[in-house]
Amino acid sequence: MKLVVIGFGQCGCRIADEFARLNRRAHAQRGIEITPGVFAVNTDAADLSGLTCIQSDYQHRILIGGRKTGGHGVGKINELGAEIAREDGDKVVDAIRTARRFFESDAFLLVAGTAGGTGSGAISVMTQLIKERYMDKPVYNIAVLPFEHEETAEERTIYNSATCLKSINSVADAIILIDNQRYIRKDFSLRNNIAKINNMIVEPFYNLLCAGEEKKPKYIGTRILDAGDIIQTLSGWTVIGYGTSPLPTFKIPFFLSRDFRKKSTETHKGIHAMDEAISELSLKCNPIDSGRALYLLSAPAQEINMDLIKELGDYLKDIASEATLRNGDYPRERSALDVTVILSELKDVEKVRKYYAKSLTLIDEVKKRREELKSKLKGIDDASSDIPSLL
Ligand SMILES: Nc1nc2c(ncn2[C@@H]2O[C@H](COP(=O)(O)OP(=O)(O)OP(=O)(O)O)[C@@H](O)[C@H]2O)c(=O)[nH]1
Ligand SMILES: [Mg+2]
């Protein structure tokens, strides 16, 4: 599957940059392309210069709202982020159109952090605009939810997340939810290692996007998972997970490779990888709530067999019993057995519901403060009413 990836704000741009890196890897290791266009859009000029893989010309690193923000961001005011996107959105659409192989892409993927200002405000406006312009391609979002410590430090965090999520839910074809907090569960030092977190966020997309683009017959599985399968699966609230089981790197002698014990070890390893994918989903959710799901098994060709694929399917069907299942296998990996899982069309997402509930109490407060600010400003204006103006 080929994606045009567009990042908004610092978080979105850095993750888009990570997709550009993934594409380089796909090119170098496998000779295939997965992202024919990657763009970074921000109100902050310094953040745009900090990227490493996205092409550095102004058509790929797009500064918006320059007049309003002086190139310094919107300071977490996502209404301002949305307003700037409405004004400068055409600039982004024009840049996408000029991308060399834009027409080869199967879908758009727009990325932003929900808690900031630029990305949180711009992503829904741009999703809507792109959907209107390119009706034949689905438009997906990646929404990155804040760390817990940010929720307590700044109330805008929750309010921005709630308004952003509500808005994208009404326009995007699917929203892949990524909870930053999940990535520091195992290793708290990661809190200070955003680059590593971004790496972990993007990794599950590698085999998923490569599988359907493979041209060499020996790397084509018995059941190819292509763009059509992914598009049929992605709908509404979505999570993604990835698990891996290392395999011995030495070659197993032929007489042993047919041994029944080896086969049961393969199944065991497959289930282990699937188990990890489910427990490491990008956001905590209940698999039973999902209406559509898919899994991709990537392993060396000799490790893949129908029994293993069926076992994995049975396992997923057990926990996501309401979901329509799609699957594929990809005989590419050399020394590991990897499983990628997507759970989509989720009926309920507790964390999103919590943001909505919490921000309801904040709305009155925000309104009150806005009124106060207005009346204060009016006070100053009134005081100057008899002063002659130079304009
Ligand atoms: N995973 C991840 N999260 C990030 C990254 N950068 C920022 N965030 C998260 O994104 C949220 C803040 O959004 P930013 O993207 O920094 O804000 P912005 O869109 O640039 O908006 P302004 O700076 O207010 O103009 C916080 O919840 C951060 O934890 C990143 O590179 N990776
Ligand atoms: Mg910023």
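Helices H4 and H5 lie oblique to each other. This description, like those that follow, refers to a predicted model. Two packed helices are described by the angle between their axes and the distance between the axes. For H4, which spans residues 78-97, and H5, which spans residues 118-133, the axes come within 7 Å and cross at roughly 40°. An angle under 35 degrees would count as roughly parallel and one of 65 to 115 as roughly perpendicular, so the pair falls in the oblique class. The crossing itself is right-handed.

The contact between these two helices can be followed residue by residue. H4 contributes Asn78, Gly81, Ala82, Ala85, Arg86, Gly89, Asp90, Val92, Val93 and Ile96. From H5 come Thr118, Ser120, Gly121, Ala122, Val125, Met126, Leu129, Ile130 and Arg133. Sorted by class, the contact of H4 with H5 holds 10 nonpolar, six polar and three charged residues.

An N or O atom in the side chain of threonine 118 is 2.7 Å from an oxygen atom of the ligand. In the case of asparagine 180, a side-chain N or O atom is 2.8 Å from a nitrogen atom of ligand 1. Arginine 14 also takes part, with a polar side-chain atom 2.9 Å from an oxygen atom of ligand 1.

Helix H1 covers residues 9-30 and helix H8 covers residues 194-202; their axes are 9 Å apart and the packing angle is about 60°. H1 and H8 are therefore oblique to each other, and their crossing is right-handed.

The contact divides into seven nonpolar, two polar and two charged residues.

Terms used
Residues are numbered from 1 along each chain as its sequence is written. Chains are lettered from A and ligands numbered from 1 in the order in which they are written. This is a predicted model: local features need pLDDT of at least 70, side-chain atom pairs count only at pLDDT 80 or more; totals for chains, interfaces and linings use all residues. Side-chain values use heavy atoms; hydrogens and water are left out. Axes are lines fitted to C-alpha atoms, for helices over the stretch in contact, and angles run from 0 to 180 degrees between N-to-C directions. Helices (H or I, at least four residues) and strands (E, at least two) are DSSP runs, numbered from the N terminus. Angles under 35 degrees count as roughly parallel, over 145 as roughly antiparallel, 65 to 115 as roughly perpendicular and the rest as oblique. A crossing is left-handed if the near helix is turned anticlockwise from the far one by less than a right angle, and right-handed if clockwise. Contact means heavy atoms within 4.5 Å. Ala, Val, Leu, Ile, Met, Phe, Trp, Tyr, Cys and Pro count as nonpolar, Asp, Glu, Lys and Arg as charged, and the others, Gly among them, as polar. A polar contact is a pair of N or O atoms within 3.5 Å; within protein, one must be able to donate a hydrogen and the other to accept it, and residues adjacent in sequence count only if both atoms are side-chain atoms.
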